Amino acid sequence: MHPVVQTICKAVVWPLFIFVVSCHVALATAQAPDLLVFQGDTLLLFANPLESHPDREQIHRQLPAQWKACWSTACWRGYQAVWLLENDHLYLIEIRSCCSSGDHRKADLNALFGRQVVSHRVLGDWVTNTLLCPIGKLLYYVHEDYLSVYEQELSFTVNAGRLLNLTRYDNRRTIVSPLLENARELSHFLCRQTNWQTLGAALKSGEVRKVVIAVDPYSLGRPAHIEVLKADGDLFTSEALRLIKLIPIWTAVYRRGRYAPNRYMVPVVFSKEKRESCR
């Protein structure tokens, strides 16, 4: 292991993540990452250092025109870069097409960087950032950018292309609720647990009653705070709160070795039509 690897994780404060449990299609897409060659292993790199290059726009214009014809929402930047960490320095060693997994076309580094290319590589001296590499099993998939969570993360602190520090983080305390990750299953669960006998007399034909509840889970996947965001009469609001408390486990995500607080907003819907659908 690299000599600067630390066994104790630093304290990192993550912003509040908000999850809306619904059936809406995600507007963003998980991205095909760059790659980092480190100590003989090729790792996924949850960063795109080439995008911070001072001549980024010019580099993009010089990429093969054919690459633009196979644009993909999973690769907004239009390429996949391969990096090398060697002797505590970061190098760009390859820029390849991300049109498809079977496309092995590569850009000409000499044409893009000229004299900056030495021994078939470009020193990433413009890179000053913290670069994250996920390793191990995928624990929690997020269909957006680089937000998915893996068992561990390697965090590389780079300044002007030089590696200053490397920290390994452990995210294996992440808890994923299968029920909360499937909006349809959650809806069926709430529907089956609803006390329809009590609500039946209060529901008119064609009427829809809706209560929205926010839940902030503990790091152990239990509700820490429950808040009614939208009430709809005492009877329906009380039943919605009872149903929410029946959910056995809530997703609790760890990032960089620490619990990342999250909030779930759960709409609970009552109607005679819904009652019929869950029988």
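Predicted model: local features only at pLDDT ≥ 70, side-chain atom pairs only at ≥ 80, totals over all residues.

Student: Which residues of helix H6 are buried, and what arc do they cover around the axis?

Tutor: Buried means under 20% relative accessible area, exposed over 50% and partly exposed in between, with a 1.4 Å probe and protein chains only; helices (H or I, at least four residues) and strands (E, at least two) are DSSP runs, numbered from the N terminus. In H6, residues 234-244, the buried ones are Phe 236, Thr 237, Glu 239, Ala 240, Leu 243 and Ile 244. They lie on the same side of H6 because the arc they cover, taken from the directions from the helix axis to the C-beta atoms, is only 165°.

Student: Why can residues three or four places apart point the same way in an α-helix?

Tutor: Residues with that spacing point the same way because of the number of residues in a turn of an α-helix. That number is 3.6.

Student: Which residues touch the most other members of the largest nonpolar core, and which core lies apart from it?

Tutor: A nonpolar core is a set of buried Ala, Val, Leu, Ile, Met, Phe, Trp, Tyr and Cys residues joined through side-chain atoms within 4.5 Å. The largest has 32 residues, of which Leu 36, Leu 50, Trp 83, Leu 92, Ile 95, Phe 113 and Phe 156 touch the most other members. Apart from it lies another core, of 27 residues, among them Leu 190, Phe 236, Leu 243 and Val 268.

Student: How many aromatic pairs are there, and is the pair of Phe 46 and Tyr 146 stacked or tilted?

Tutor: Rings of Phe, Tyr and Trp (its six-membered ring) pair if their centres lie within 6.5 Å, and planes under 30 degrees apart count as stacked, over 60 as edge-to-face and the rest as tilted. The structure holds eight such pairs. Since the rings of Phe 46 and Tyr 146 have centres 5.1 Å apart and planes at 15°, this pair is stacked.

Student: Where in the chain does the pair of Phe 236 and Phe 270 lie, and is this pair stacked or tilted?

Tutor: Phe 236 is in helix H6 and Phe 270 in strand E16, 34 residues apart, so to speak of the pair is to link distant parts of the chain. At 3% relative accessibility Phe 236 counts as buried, and Phe 270, at 0%, does too. With centres 5.6 Å apart and planes at 45°, the pair is tilted.

Student: Which cysteines form the disulfide, and what parts does the pair tie together?

Tutor: A disulfide is a pair of cysteine sulfur atoms within 2.5 Å, and the structure holds one. Cys 191 and Cys 278 form this link, their sulfur atoms 2.1 Å apart, and both are buried. Cys 191 lies in helix H4 and Cys 278 in the segment after helix H7 (272-277), so the pair ties together parts that are 87 residues apart in sequence.

Terms used. Residues numbered from 1 in each chain as written. Heavy atoms only, no water.
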